[in-house]
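This report walks through one protein model. It goes from the overall layout to single side chains.

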Amino acid sequence: MLEPTELLAELVAFFQPKLLHGGADDLLSLMCLARPIDKCPLLLAPAMNREMWAHPATQRNAAQLRADGCTLLGPANGDQACGEIGDGRMLEAVELLDELIAFFRPKSLLGKSVLITAGPTFEPLDPVRGLTNRSSGKMGFAIARAAAEAGATVTVVAGPVHLPTPRGVRRIDVNTAQQMFDAVLPEAAAHDVFIATAAVADWRPVNIASNKIKKQAGKALPVIELVENRDILAAVSQLDKRPYCVGFAAESTDLLKHAREKLVRKGVPLIVGNLGPATFGADDNTLTLVDAAGHRELPRADKLTLARQLVAEIATRITPSTT
Ligand code: CTP
């Protein structure tokens, strides 16, 4: 692999038709042409009016630049300087930075597809209340980002969380455990990897009141009867054509013992354990990877760093060693 120091990434904030024709009458276009094309990637961030972007001439140029090995970042859709709204808007600076970081990450999952569940589920009791938990979805979304950076096609099935979708990731929003099950099962067999980070509610109310349950003076407290939700991870791991399955175990005590039990009970090759109360909503975490052979700790780090380590670990497990 090339060292980042060997590479020069030219980020051009405007489209360069000149590049297309090999023009080199200014310093920037000269640098774009006079570079070792195999060692020095060229990334372009188009920014223009929506009609201009949609014009066949521009689209021809974009296609040719891609064919010449350039990478186009964006454009985005939204408000434009001219007052119009549409495709052609330059990505935000922070989005460009994320794209650049992703570009230089090792592509350990190139050509692979990854399905991830993330966040909590919400099991309604009545139109205003429900059963849920404190999962923020941050770990699942960090894994989605890390897998996309590693070159995978990524789908995240997300419970109710307020997190932006990582760029390039397909997102399916759900609320209940049943909806998560229904979204995941038809997709799972078509994926290479399934990572179940969601804190799926174990039970749901048998009956959902159609109106808000009211307090009634002198009357007995409402009794909530529960029924168990289906286990999404266990169901995926029993498919004939199953992806490589990774489960999470968020525990409050005896992490290793519970993680090992789940490895067997869910029939999966890898469980990632963490102490739930300490991590819910936090930006960092400590993970313990548990498999049939033993366990290994990924020391405390921010969730994106851990997610990248986990993705690298999964990549080595699903890619046959060449040595
Ligand atoms: N999981 C799932 N579907 C469920 C319950 C759990 O897919 N209905 C997945 C979680 O996403 C996680 C793993 O199973 O990857 C373990 O979840 P956890 O809630 O820790 O375990 P449970 O099986 O629910 O057991 P318990 O609540 O008793 O710890």
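**Overall layout**

This is a predicted model. The protein chain has 323 residues, and 43% of them count as buried. Its secondary structure comes to 11 helices and 17 strands. The C-alpha trace spans about 85 × 55 × 35 Å along its principal axes. Take the contacts between residues at least 6 apart in sequence: 63% of these join residues at least 24 apart.

Six residues from domain 1 and four residues from domain 2 make the contact.

How much area is buried between domain 1 and domain 2? The value is about 430 Å², and carbon and sulfur atoms give 45% of that. Interface size is often stated in this way, as the accessible area lost when the parts come together.

Charge features at this interface. The rule finds two salt bridges across the interface of domain 1 and domain 2. On the side of domain 1 that touches domain 2, three residues are nonpolar, three are charged and none is polar. Two residue pairs are in polar contact across the interface, with both residues at pLDDT 80 or more.

**Salt bridges**

The structure holds 21 salt bridges.

| Glu99 | Arg167 | 2.4 Å |

Asp283 lies in the loop between helix H10 (276–279) and strand E16 (284–291), and Lys138 lies in helix H6 (residues 138–149), so the pair ties together parts that are 145 residues apart in sequence. Asp283 is exposed, at a relative accessible area of 54%. Lys138 is partly exposed, at 27%.

Glu313 and Arg317 are four residues apart in helix H11, so about one helical turn separates them. Which of these residues are buried, and which are partly exposed? Asp291 is buried, with a relative accessible area of 15%. Glu313 is also buried, at 15% relative accessibility. Arg317 is partly exposed, at 29%.

Some salt bridges join up. Asp98, Arg105, Arg145, Glu149 and Arg308 are linked in a network of them.

Leu310 is placed in helix H11 (residues 303–318). Its relative accessibility is 0%, so Leu310 counts as buried. What does Leu310 touch, leaving aside neighbours within four places in sequence? Its contacts are Ile143, Phe248, Leu270, Val272, Leu289 and Leu298. Leu310 and Gly137 are 173 residues apart in sequence, and their C-alpha atoms are 16 Å apart in space.

Glu251 is found in strand E14. This residue is buried too, with a relative accessible area of 9%. The side chain of Glu251 makes a polar contact with the side chain of Lys262, at 2.4 Å. Not counting residues up to four places away in sequence, Glu251 touches His258, Lys262, Asn274, Leu275, Gly276 and Pro277.

**Backbone points to check**

Most residues other than glycine have a negative phi, and most peptide bonds are trans.

Pro75 is found in the loop between strand E3 (71–72) and strand E4 (76–79).

Asp254 is found in the loop between strand E14 (244–251) and helix H9 (255–266). At 48% relative accessibility, Asp254 counts as partly exposed.

Note on methods: Residues numbered from 1 in each chain as written. Predicted model: local features only at pLDDT ≥ 70, side-chain atom pairs only at ≥ 80, totals over all residues. Heavy atoms only, no water. Contact = heavy atoms within 4.5 Å. Buried area = accessible area lost by both parts, 1.4 Å probe. Salt bridge = Lys/Arg side-chain N within 4 Å of Asp/Glu carboxyl O. Polar contact = N/O pair within 3.5 Å; in protein donor to acceptor, adjacent residues only side chain to side chain. Nonpolar A, V, L, I, M, F, W, Y, C, P; charged D, E, K, R; others polar. Helix = DSSP H or I, 4+ residues; strand = E, 2+ residues; numbered from the N terminus. Buried < 20%, exposed > 50% of the residue type's maximum accessible area, 1.4 Å probe, protein only.
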